[in-house]
Amino acid sequence: MTQVLLSVPPAASSSFLDLAKKQAHRFFACHDPVGKKLGSGAGSAHLIHAAWQAEGNGKPFADWAAEEKRVLLHAGGQSRRLPAYAAAGKALIPVPIFRWMKGQRLDQTLLDLQLPLLEKLLDRAPSKLRWLIASGDVLIWNEDEIGPLPEVDVLCVGLWNTPERASKHGVFFSKRETPDQLDYILQKPSVQEIQARTEGSLFLLDIGIWLFSDRAIELLMKRSGYWKNGQPCAPSQCDGYDLYGDFALNLGSNPTTRDEEISSLSCGLVDLPNGEFYHFGTNDDIIASSLALQNRVNDQRRIRSPLVKPHPSIFIQNANTDVSLSSENRCVWIENAFIGSGWRLNANHILTGIPENQWQLELPRGACLDFAAIGDSDAFVVRFYGYSDVFKGRVDDRATQFCEEPFADWLGRRGLSLRDLGIAPETDLQSAALFPSLKRQEISSDLLTWLISRSPQDDPSLRQSYLAAPRLSAEEIGAKANLKRSFQQRESLLIDSLPLLAKHAQRSVFHQIDLAHAAERFASSPHELPTETPDPERSLLPFVHDQMFRATVSRLRKENVQAYETAAFEALSQAIISPFHGNAQTPRNTSMVDQVIWGRSPARLDLAGGWSDTPPYCFLSGGNVVNVAVDLNGQPPIQVFARVCQSPHIVIHSIDLGVSIALNTYQDIAAYAQLESGFAIPRAALALAGFHPDFLSKPQFVSLEEQLNAFGGGIEISLLCAVPKGSGLGTSSILAATLLGVLSDLCGLGWSLTDIGRRALALEQMLTSGGGWQDQFGGIHRGLKLLQTRPGLEQTPEVRWLPEHTLSDPQNAGCCLLYYTGVTRVARNILADIVRGMFLNKSDVLGILDTISQHAVHTARVAQRGSYQQLADCVRQSWILNQALDAGTNPSAIQSVLESISDWVAGMKLLGAGGGGYLLIMAKDPHAAALIRQRLENDRPNAGARFVDLSISQTGLRITRS
């Protein structure tokens with residue numbers, strides 16, 4: 001598990017966990033010593049030392065550090081250029097819901113969006129790299145899979161970018177012939193300097209993400225003064241030490257400056273080829289970055305809101321607004337605020353923390369207002385400032401800007417002087433006590449207008465009110481603000497917005513947010529559920545989202561939920577089945593009197609991407625799966641035999657189960673949804689093949705007997721599934737597809753493999769067991785392949801075959817072992833739980849599914865490169881992801897098996913939904929494979945456990961006639 005250490009402003013330090021709704025065992029927050037400017041290097045050292053002191057329980061530092069990997073996030077700066085979020089820290093900036101992304105929470109913060117990538121980087125890093133330091137005001141968006149990272153002391157993560165953009169940040173340089181090795185670092189070099197160095201060098205933008213070994217962290221703490229005699233310590237004096245301006249310049253093969261100890265650290269560079277950089281450091285950044293994020297996707301299939309035009313630069317969240325806004329109102333940010341009908345807005349506004357009011361107020365262009373709660377009563381500090389202000393410079397300097405004009409001019413227009421305010425001339429603007437602390441009833445429209453107007457009236461009473469009020473500086477607000485009061489107002493406004501969002505769900509982002517999280521908020525409120533419900537025939541996915549949201553709210557309120565859940569699952573099922581209702585042509589007998597139709601299919605081993613093929617996830621996002629079709633012990637394990645018999649009935653035999661049944665009526669066939677009736681798969685397959693009037697395009701028979709007489713006789717079907725139930729090899733779906741293929745051949749239906757696979761998906765819905773498309777397509781198509789679908793209700797995978805030599809070459813073939821664990825598990829309940837999470841857009845479920853889908857594409861690329869070890873690592877990562885989605889996939893009975901062979905394994909995965917069944921083991925080498933066989937054959941965990949020989953199927957589904 002990864003722990004997150006945050007450096008936050010003083011006001012947020014003691015209450016951070018409550019404010020951010022984070023768990024204490026995963027998050028630790030503190031602030032730099034008040035009055036000291038530590039810099040990013042010493043600030044990191046202070047944070048590590050404070051966390052160890054608070055949570056180490058007296059353990060030596062090395063023991064504490066080894067317990068888990070840690071992310072250090074710097075979010076505690078003064079935020080001079082973004083005052084509205086100075087007190088809470090930029091990591092807690094509320095970020096608007098992206099109109100193209102599912103599973104976001106209405107209360108999401110920049111921290112919530114930052115962490116997935118940071119944790120993924122740490123997860124993919126070697127064990128030596130256990131520390132990651134990141135900037136709290138930067139969001140890096142990366143949808144690509146992250147491959148294994150190099151084992152070095154310091155790993156710098158960068159982005160390809162322009163010299164113009166890079167010149168405002170740190171820049172990593174590497175030699176062109178060794179792009180993954182850091183040569184040196186420069187801080188904010190000019191465009192000309194960057195260009196001059198590119199003849200023999202490559203450069204990457206420093207995005208503020210660095211990974212460190214214990215040795216590198218120790219050196220950083222030592223140089224910062226926080227290390228003595230082999231242990232962290234609190235220095236008596238620290239003059240500040242910067243990670244980027246001091247420590248970093250000593251890194252690389254040819255460092256800019258040289259500190260022998262630091263320069264001896266091994267350094268690596270890794271780029272995020274398609275990563276995107278979003279800065280939240282200034283007023284303009286917060287709007288520009290939010291706007292760029294909203295408009296980064298133009299694919300209308302991903303934009304769930306019907307408003308597909310470019311998003312305007314107006315952002316309103318957690319707010320009660322009653323103003324009309326137009327295209328003239330550009331760059332407007334309203335958050336945690338009441339903006340009444342008496343307000344008139346212009347452009348370039350940041351409006352935050354504003355309490356309920358009846359003010360009549362016209363804001364000039366560039367005017368910003370922030371109301372910081374102060375104390376436990378109804379008092380606020382009114383912070384007024386300009387959109388482009390930087391809160392920097394001596395107050396007596398004409399160059400110092402305030403409210404977008406020289407500070408001296410702002411004073412003069414109001415008849416004020418520094419003497420009146422008691423501010424010394426050398427005072428920095430950040431430390432100037434300018435902002436009045438007032439009770440809510442003391443704040444008037446006239447006073448606010450006087451403070452922000454470009455041409456304020458000369459009103460002695462307003463001037464006296466301002467001078468008489470206690471005043472705080474921007475720096476003091478950051479330390480003294482009562483964030484609990486501000487966050488309570490934000491929470492109240494968020495909950496009040498839910499009914500309106502839900503009522504207008506078809507025109508808002510409601511159906512794409514994390515509905516489980518929204519339901520928790522809704523259930524605890526007095527609000528009634530909306531009366532309107534989407535039409536399932538016109539708006540399937542909005543309907544299932546709506547029904548599952550209602551079910552969750554009702555469950556939390558201890559009300560009946562069954563009707564809502566049933567409606568959601570039935571709507572999804574009918575959408576998949578309905579294309580085949582009334583679609584089948586009348587079956588006709590194409591066999592000779594003594595012919596047997598013989599179908600046989602391999603099993604499938606899912607290597608990556610499983611669960612991304614499951615509706616409704618694949619309907620919304622498409623799916624990516626890598627799997628391989630295999631024969632077991634030299635034979636395709638799933639076989640179906642069919643022939644025509646004289647009696648007008650359908651007889652089905654299960655060879656492996658040793659049972660038979662005769663179907664004599666349409667009612668017998670229609671019992672497929674009753675799983676207890678037995679032989680559900682063949683019943684449903686027969687219906688899809690046209691042996692039930694519901695599926696015939698032209699029903700013409702009154703009974704099954706009449707139809708079979710016209711067909712030329714009954715049908716005898718024999719099924720053989722030489723794989724134990726709950727194997728994880730996709731046998732049920734592959735059996736269904738094999739039977740459908742046999743019926744197609746027997747009855748002259750002419751179905752292609754794609755037709756068969758799509759009908760197998762419908763068949764599973766007919767059985768109410770659900771499921772995805774990868775099992776049947778993985779079995780009926782030969783070999784190793786990447787299966788991909790696009791978003792939409794029609795899921796027809798495109799098959800891309802991958803080179804098989806990575807698995808089949810003699811030196812590797814013996815390393816791939818298939819082991820039946822003897823433990824069985826039926827995936828039906830697990831499937832329902834995960835599908836329920838898909839319906840509700842649960843952020844944790846969708847986040848894992850997105851990663852699973854991306855990982856499948858990465859696995860396909862690895863397979864094309866032909867590296868057995870890298871492919872084994874991909875399989876290992878696939879199972880880690882499966883366990884994140886469903887912890888039950890690795891029960892204790894399986895863990896004991898794995899622990900006994902772990903030293904010899906490069907990658908392993910329980911197949912399918914896991915929890916039992918077959919285990920794919922990729923040994924490190926042939927010798928390791930022999931040791932694994934010996935260990936598990938000599939110490940079998942149960943009577944059924946055994947190895948099964950596997951070989952890659954070169955045929956997939958085969959159908960022949962005798």
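Entry 1. I classed the lining of the largest cavity and found nine nonpolar, four polar and four charged residues. Ala, Val, Leu, Ile, Met, Phe, Trp, Tyr, Cys and Pro count as nonpolar, Asp, Glu, Lys and Arg as charged, and the others, Gly among them, as polar. The model is predicted, so local features need pLDDT of at least 70 and side-chain atom pairs pLDDT 80 or more, while totals for chains, interfaces and linings use all residues. Residues are numbered from 1 along each chain as its sequence is written, and side-chain values use heavy atoms, without hydrogens and water.

Entry 2. I searched the whole structure and noted three cavities of 30 Å³ or more (a cavity is a set of points on a 1 Å grid over the protein atoms alone where a 1.4 Å probe fits but cannot get out; lining residues have an atom within 4 Å of a point). The largest has a volume of about 170 Å³ (the space filled by probe spheres set on the points). Of its 17 lining residues, Ala84, Asp370, Leu483, Ser486 and Arg490 are the closest to the centre. Two or more residues each come from β15 (332–339), β19 (367–374) and α17 (483–503); α17 gives the most, with four.

Entry 3. I then took the second largest cavity, with a volume of about 80 Å³. Its lining includes Gln114, Leu117, Ser135, Ile140 and Gly208. I recorded α5 (110–124), β4 (129–135), β5 (138–141) and β9 (201–213) as the elements that give two or more residues. Its lining has eight nonpolar, three polar and no charged residues.

Conventions. 1 Å grid on protein atoms, 1.4 Å probe; cavity = no way out; pocket = protein on both sides within 12 Å on 5 of 7 lines; lining within 4 Å.
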